[in-house]
Amino acid sequence: MTDTVALAFSGGLDTTVCVPLLKEEYGYDEVIAVTVDVGQPDAEFTEAEETADALGLDIHVIDAKDEFAALALDAVRANATYQGYPLGTALARPVIAKAILSVAEAEGCTGIAHGCTGKGNDQLRFEAVWRDSDLEVIAPVRELGLTREWEQEYAAERDLPVEAGKGGDYSIDTNLWSRSVEGKELEEPSFVPGEDIYEWTELPSAATEEIELTFEKGYPVALNGEEYDDVELIETLNELAGSYGVGRTDVMEDRMLGLKVRENYEHPAATTLLNAHQGLEDLVLTKEERSFKTQVDNQWAEKGYQGLIDGPLMKALDAFIATTNERVTGTVTIRFEGGQARVVGRESPYAVYSAEAASFNTEAVTGSIEQADATGVAKYHGFQERLANRRIAAANKEQGVTATDGGIGEESPLSGTDIDQTAKKQEEDE
Ligand code: ARG
């Protein structure tokens with residue numbers, strides 16, 4: 001029986017070097033290359049196909065763009081960003097891992113491998129999916145402790161098809177949701193990157209444009225009144241918002257293993273959709289829902305960053321998000337301006353907004369409630385703070401201490417004022 005291993009393949013140095021190593025060091029007879037399309041540029045597929053061809057490898061290219069776009073739009077409903085980054089790489093990994101696993105199982109493989117090092121997040125995200133199978137999970141670069149230099153020498157020795165000079169480029173990961181750039185001098189947090197690292201975003205000019213995004217149950221369905229499918233919408237917004245310089249971030253990112261690394265990202269569509277969705281939620285959710293949802297959203301983003309999109313917590317968070325987003329239906333106007341995608345208008349049949357209640361021109365608030373009814377509320381508001389400050393001041397005085405020699409708090413700045421008198425009075429009334 002021949003032993004076959006499926007390899008997550010990009011045609012770059014790491015995955016190319018893995019091919020002979022999987023045979024020689026791990027004893028596999030055959031390697032199948034699998035490349036998953038989550039919206040990378042065409043050139044990446046050409047590179048993968050040409051390299052596979054030169055290595056005599058069978059290559060499978062799987063289109064997972066729809067699945068990935070759907071997950072990205074789930075992330076929009078969760079307002080998901082991790083330390084300012086909209087999770088492009090992170091969310092793509094479980095989608096890629098699942099697609100490779102299906103190929104491996106369909107082809108009767110006994111092993112499954114990736115070319116990640118032992119320092120990044122992707123090894124964890126891939127293996128979280130793969131370790132649920134019976135396949136042998138292999139990470140040659142990590143397990144054999146390979147360095148880039150060693151790989152380059154090995155490739156030269158073996159005459160492997162890797163493009164000369166490639167080792168000097170930035171490490172770039174591109175998909176529908178984001179483009180990330182790292183490596184070389186960018187690793188140094190104080191280094192100020194030049195315009196050359198950006199490919200999706202222009203340097204913002206004075207030009208502006210307004211667009212309308214329509215949402216149904218928290219999902220974007222139309223741009224300027226025209227319906228789009230998920231992939232098309234994201235691609236269109238990447239181009240349009242990118243031309244106004246929207247969606248650049250430079251973050252100090254805390255990786256899962258604790259390393260703090262500098263990352264640069266471009267994500268025009270993600271920024272636009274996230275801002276628009278948040279703008280609509282702000283209109284239709286109650287104050288309590290908004291406040292609680294930020295906690296749910298943070299947890300969602302955390303699990304998304306870890307590549308753990310299928311666990312029980314995630315399902316529970318998704319249920320809360322789905323319930324609250326039942327009403328996130330309506331239209332948001334976004335203005336591209338100065339590198340920003342700013343919400344400048346929003347409307348929804350579910351808006352928790354009453355023109356009559358909020359207006360300065362009408363006397364009634366709503367129903368039988370009138371402006372004057374707020375007087376009682378205003379009397380109570382801050383009562384506890386006023387009382388606490390008075391008690392602290394009185395106790396300090398009695399003990400002859402001031403804040404500087406260890407007393408709690410300071411003499412109330414309100415002492416002797418009207419407010420002080422009111423508090424004194426309230427105390428007497430108690
Ligand atoms: N640090 C990000 C993440 O783990 C993205 C890394 C992208 N990789 C790259 N070679 N640029 O989600």
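**Getting started.** I count residues from 1 along each chain, as its sequence is written. Since this is a predicted model, local features need pLDDT of at least 70 and side-chain atom pairs count only at pLDDT 80 or more, while totals for chains, interfaces and linings use all residues.

**Domains.** I looked up how the protein is divided, and found domain 1 (4–171), domain 2 (174–355) and domain 3 (357–430). Such bounds come from an automatic or database domain assignment. The C-alpha centres of domain 1 and domain 2 are 26 Å apart. Their contact takes 40 residues from domain 1 and 44 residues from domain 2; two residues are in contact if their C-beta atoms, placed from the backbone, lie within 7 Å.

Next I asked which elements give two or more residues to the side of domain 1 that touches domain 2. They are H3, helix H4 (88–106) and helix H5 (122–130). Helices (H or I, at least four residues) and strands (E, at least two) are DSSP runs, numbered from the N terminus. H3 gives the largest share of that side, 11 residues. I sorted the side of domain 1 by class too: 23 residues are nonpolar, 11 polar and six charged. Here Ala, Val, Leu, Ile, Met, Phe, Trp, Tyr, Cys and Pro count as nonpolar, Asp, Glu, Lys and Arg as charged, and the others, Gly among them, as polar.

**The ligand.** Which residues are around the ligand? I noted Thr89, Ala90, Asn121, Ser171, Ile172, Asp173, Ser180, Glu182, Glu253 and Glu263. A residue is near a molecule or strand if its C-beta atom, placed from the backbone, lies within 6 Å of it. At least two residues of this shell come from each of H4, strand S6 (171–174) and strand S7 (179–182). S6 supplies the largest share, three residues. Domain 1 and domain 2 each contribute at least three residues to the shell. By class I found two nonpolar, four polar and four charged residues there.

**H3 and H8.** Back at H3 (residues 65–77), I checked its packing with helix H8 (residues 230–243): their axes come within 8 Å and cross at roughly 70°. Axes are lines fitted to C-alpha atoms, for helices over the stretch in contact, and angles run from 0 to 180 degrees between N-to-C directions. H3 and H8 are therefore roughly perpendicular to each other. In this scheme, angles under 35 degrees count as roughly parallel, over 145 as roughly antiparallel, 65 to 115 as roughly perpendicular and the rest as oblique. On the H8 side, I found Asp230, Val231 and Ile234 in the contact. The contact of H3 with H8 has six nonpolar, no polar and three charged residues.

**H1 and H7.** Helix H1 (residues 13–24) packs with helix H7 (residues 148–158) at an angle of about 55°, their axes 10 Å apart. That makes H1 oblique to H7. I noted Leu13, Asp14, Thr16, Val17 and Pro20 of H1 meeting Glu151, Gln152, Tyr154, Ala155 and Arg158 of H7. Five of these contact residues are nonpolar, two polar and three charged.

**H10 and H11.** Last, I looked at helix H10 (residues 287–306) and helix H11 (residues 312–325), whose axes come within 10 Å and cross at roughly 145°. Their contact includes Trp300 of H10 and Phe320 of H11.
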